[in-house]
Amino acid sequence: MSTTTPTVDPRWRRILGGGSSAIWYATILLFVVSPFIAGGSLSYSAIVGMLPFAAVLAIAAVGQTLVVQQRGLDLSVPAMMAFGAALASGLPQWFGWAPGLAIAAAIVLPGVAGLVNGIVVTRFGVMPLVATLGMNAILLGTVFAISNGTPAGSPQGLADFAKGKIGIVPTAFVVAVVVIVILGFLAQRSIVGRRLTAVGVSEPAAAAIGVRVTLYQTMAYAAAGATYGIASVLYTGYVTTPPLFFGDSYLLPTVAAVVLGGTALTGGRSALISTGIAALFLTQLGQLFRSVGWPEPLQLIAQAAVLLLVILLRAIVPGIVARRRRSAAVANVTA
Amino acid sequence: MTDYTITTNTPSIVPEGEIQHGIVALRLTGIEKTFPGVRALKDVHLEVTAGEVHALVGENGAGKSTLMAVASGALMPDSGSVEIAGTLLSGASPDEARELGLAIVRQDPALLPELTVAENLAIGTGRTGRGGLGRAPKWAQEHLDPWQMGIDAKSRVSDLSVEQRFIVEIVKALALKPRVLILDEPTEHLNSEEVQRLFRRVRELTAASTAVVYISHRIPEVKEIADRVTVLRDGAVRGTFDADEVTEAKIIELVIGRALDTVFPPKTGVLGEPVLTVAGLGGRHFQDIDLTVRAGEIVGLAGVQGNGQADFIRALAGLEPASGSITIDGAAVRLGSNAAAARAGVVYVPSDRHGEGVFLPLTVGENIVMKTLRKVSRWGIIRDSRIAAIAREQIERQAIKTPSDRTPVASLSGGNQQKVVLARTLLAEPKVLLAEEPTQGVDAGARVDIYSILRGAADQGAAVVMLSSDGVELEGLCDRVLIMSRGSVVAEVEGDSVTEAEIARAALTSTAVRKRDGEGRSGSGRFRNWLRGDHSPAAVLGLIVVALALVVGSSNVFYFSPFNFNNLLFTAALMIIIGSAQQIVVLGSGFDLSVGPLLSFLVVIASFFVIDGGNIVIGIGLMIVAALLVGFVNGFLVTRFNLNPVVVTLAIALALQGTLFTLRGTPGGIITPVVTDLIFAKVGFVPIITIVAIGIALALEWALRRTRWGVELRAVGSRKDAAERLGIKANRVHLVSYMATSLLVMPAAVVLMSQIGIGDGRPGLSFTLTSVTVVVLAGASIFGGRGSFIGIIAAGILVAQVLSVPTFLGLSGAWGYWLPGVITVGAAVLYAQLRKIRRGA
């Protein structure tokens, strides 16, 4: 049966929403060794340059976590990000929208696209993979249509905001912290969050206590869409003129961050805050590779390797631990 | 038909002229089996002689199925021996038992739903070798026809009714010409005429000196068919009798025994107003039920398992669709909505505790408050201190044995898990409490607690409906008991007559005939059968291709030019090959997101060798090796470590992308015309490569239907556990499917590199989506097991055509994305709905 042992969660872990404590240690370790691998990678300018990208990835990965919690996988992340960016930058530039309105649209409309994903998956019984892959293509087409093939520039106000600092901390990072803490808090401490967990753990059990299973699942997809929107707005502001299809490079990292954060791909408990930490880890790792001169394509390989390594360890380690324990128990008996 | 007459091929040790009646065919000696907490079998001896029907009767949980699992080699006994036709079974090996001549027909048939009846019979009897699959339909039909169930050997098992599936399982067992045949509750799904047909066949078998073990609840049927009867109760044999010399009453007495040592809370008998009123309720497996339950009353639902009681109680909880009306405290409740039932005050305690009752990984505290989160929160925010307080209070009050309220519920014993469920139920202050088998798998101590919890709930004013297969418990707890048989209430006992004996008599002697929904449906015409088949999407897609051509062609005459047809078919070749590649892995219920990047990767490899002055042979060889290697890595990681195929192939996809851009950051390496000219060769306006692609698809289609590889692939994709039970090595089949998929990307890469002419990694990447689009359009079940490569040909042509539409209609580039996206989602939704309608029919 389950290998869970009756341990008592430490308080901090309950507050932060569980997940893998390994990623916290790994992240601390990474920052400690960084200066030894590449001098200057812990300098103020390096950190400040890295944090906005970590922020964007963290927010998007939190959305992916919500979908994975419901035993789905969202392959529409690339187009969702591109869609949000095209709305935030394209609507003011090509259609003369007020920047504020465009930013609202860039968050709400990906949310609507997520809602459609959710409805297609839950109401119509389409496999999440197929639904989100299809949605990815549809949104990329929409991006193309909005921009007419040319990337637009971020509204000045948004760029100033995203590139700004609060004290010495980049605003984008502060936004990420606020968004993730709020979502993490809701996931962990609200009625809605608990019901999402219940549905993710077991649809039949949730149905048996009267939870509207499809409604909650659909909500998870919609909320995920909105977080991709927020992430893309920040990205737009920070890089000023985002390439049309920049989102392609965000699919694997979001999945990797979810897995590293400790949310199981089989659904159930989500670890939103740990996902955020994993995003920080992945971004710093990339930064490190870059500073020792690895080209971009090699980074892809490194990310893939990290992801495969982690899921492999997850699969192998519990078995080894169980075998150790068993042989230890046998040894105790025979001793 | 003649297959059943078994000629005696064992050495004749009986007097001449007499066939081997009387020889012991199955001998069980001193069987003991203990499961954690339960002694399931206690020193069981059983002898079944050749030529007899030996009935095994007993209540649910008496140990009948456990005993037969031991006899068939599926379960290892703690001690004791199994002897089949004179040979001792050396260990728990179903294969060995089968070889010794034992066949078992289980209540849950090991059938592969997406395969045809003939294919199932072929796999089950080991006829998948050379030519076996080709002859299978004719052979299977000959064996099915005597049963007059209207089963077409070519129809898919998932389209059969429950009773038809059961007959297929029987035919499969009989085809093995067993010496010992075990039938586990064979008449549960059959109507009276079918039961008689089964009995005739059983008599034919015994006349040919097969030994038959007949497990059943239904005493009248047992009296009719059996020569001898053995009664099992609480894991021990209570006696073996000649069927002619024992009365029905005697059997019933032995079956139920008298072990009323459990303490029940007193029935208070103070009933309030009616709370729950059910009128004319009907649904799946039950019909036309009227029922009124008053406050403070406990009403039992009894009957032999599978007679609609469970469906009825689930319909009351809103978990199954129903028609009729349910009223609670005078207000009508919307049917078929779990949320509406919950709002009206219905609380349901399911019987499948692990699947439906508790949230296994969550803590005891979380489980206890999960239904009443509002009580532990303010403004929608939960307070952990309140959870802990309530949880501790409940743990104490219901005597739940747990280290703490933060222990995962998975580590509790069954009885304590059930108390957690009941604590949760009581916290919700139910108006109507529905309990399904509340004490199943619960130890004696916890039982007593659960009884008083249920009675306590009634005393608090709840109307309680309890489904149980335990007569003692119904007698001790219920004010009134309804007995159901074949979906209807056939008897009702009340007051002093609520006794175990009375309940058992009513249930066991019931001869109600099941109303069969959709009777005569099996005689559907050829056209409908074809619609259900794998090939119907191909024809539909063909029509769409023609229609689309006419529409586009009418606005641009150039569309019908040979040049355009040539272009279209050339692109289609690529689509067909890449679609076929994805289809293979999907048939085995896997998924491969790396086909696009692999395609690009192979093109990049080619651009270093397949160039003017390069070594073409080495280049082609490297491409094949690389493809096989990638397929192996995918398959190895997925099968060896049981990893999620989507994540594995996604990671491999990105790694491939990184590698190929490292090799060629910018396009370079002109592909040699020697190869491209070859690829572009055509007959008339038809590119030869398109003919090759269609040939590949047709060859795969043939292999899928007629070779062992194909049937095993579909078997594994259809139902992995059943396939493994039938002796198929599922992991190897999966691994090979990943390698075959990657290998097929290789010819696609040759086509693509000729089309783009230069080592460029970018164009290939989008082909992952394209491959999925083709597969989805082809109508394959993305959950594995079914699909056709004919459909892939049609879908490949359609996708190629759709991609060319924007150019011809002068649409913007956005349509190049919209069209594939919309048709992928659209087709997936459409096929999912079709499947739902089919299943509902």
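Which side chain meets that of Asp384(B) in a salt bridge? In this predicted model, the partner is Arg194(A), with a distance of 3.6 Å from N to O. The contact runs between chains: Asp384(B) belongs to helix α13 of chain B (residues 384-397), and Arg194(A) to helix α9 of chain A (residues 191-201). The two residues fall into separate accessibility classes. Asp384(B) has a relative accessible area of 23% and is partly exposed, whereas Arg194(A), at 6%, is buried. The 6% of Arg194(A) is classed as buried because the cut-off for that class is under 20% relative accessible area.

This pair also belongs to a network of salt bridges that links Arg189(A), Arg194(A), Arg269(A), Glu366(B) and Asp384(B). Over all chains, 30 salt bridges are found in a search of the whole structure.

Two further salt bridges were examined within chain B. In one of them, the side chains of Asp449(B) and Lys419(B) meet at 2.9 Å, N to O. Asp449(B) is partly exposed, with a relative accessibility of 27%. Lys419(B), in contrast, is buried, and its relative accessible area is 1%.

The other salt bridge joins Glu701(B) to Arg705(B), and its closest N and O atoms are 2.9 Å apart. Here both partners sit in one helix, α25 of chain B (residues 688-706), at a spacing of four residues, or about one turn of the helix. Glu701(B) and Arg705(B) are both buried.

Backbone geometry was considered at two loop positions in chain B. His285(B) is not a glycine, yet its phi is positive, near 70°. This residue is found in the loop that connects β11 (274-283) with β12 (286-294) of chain B. With a relative accessibility of 36%, His285(B) is partly exposed. Arg486(B), also a residue other than glycine, has a positive phi of about 45°. Its position is in the loop between β21 (480-485) and β22 (488-494) of chain B. Arg486(B) is buried, at a relative accessible area of 9%.

Methods: Residues are numbered from 1 along each chain as its sequence is written. Chains are lettered from A and ligands numbered from 1 in the order in which they are written. This is a predicted model: local features need pLDDT of at least 70, side-chain atom pairs count only at pLDDT 80 or more; totals for chains, interfaces and linings use all residues. Side-chain values use heavy atoms; hydrogens and water are left out. A salt bridge is a side-chain nitrogen of Lys or Arg within 4 Å of a carboxyl oxygen of Asp or Glu. Buried means under 20% relative accessible area, exposed over 50%, partly exposed in between (1.4 Å probe, protein chains only).
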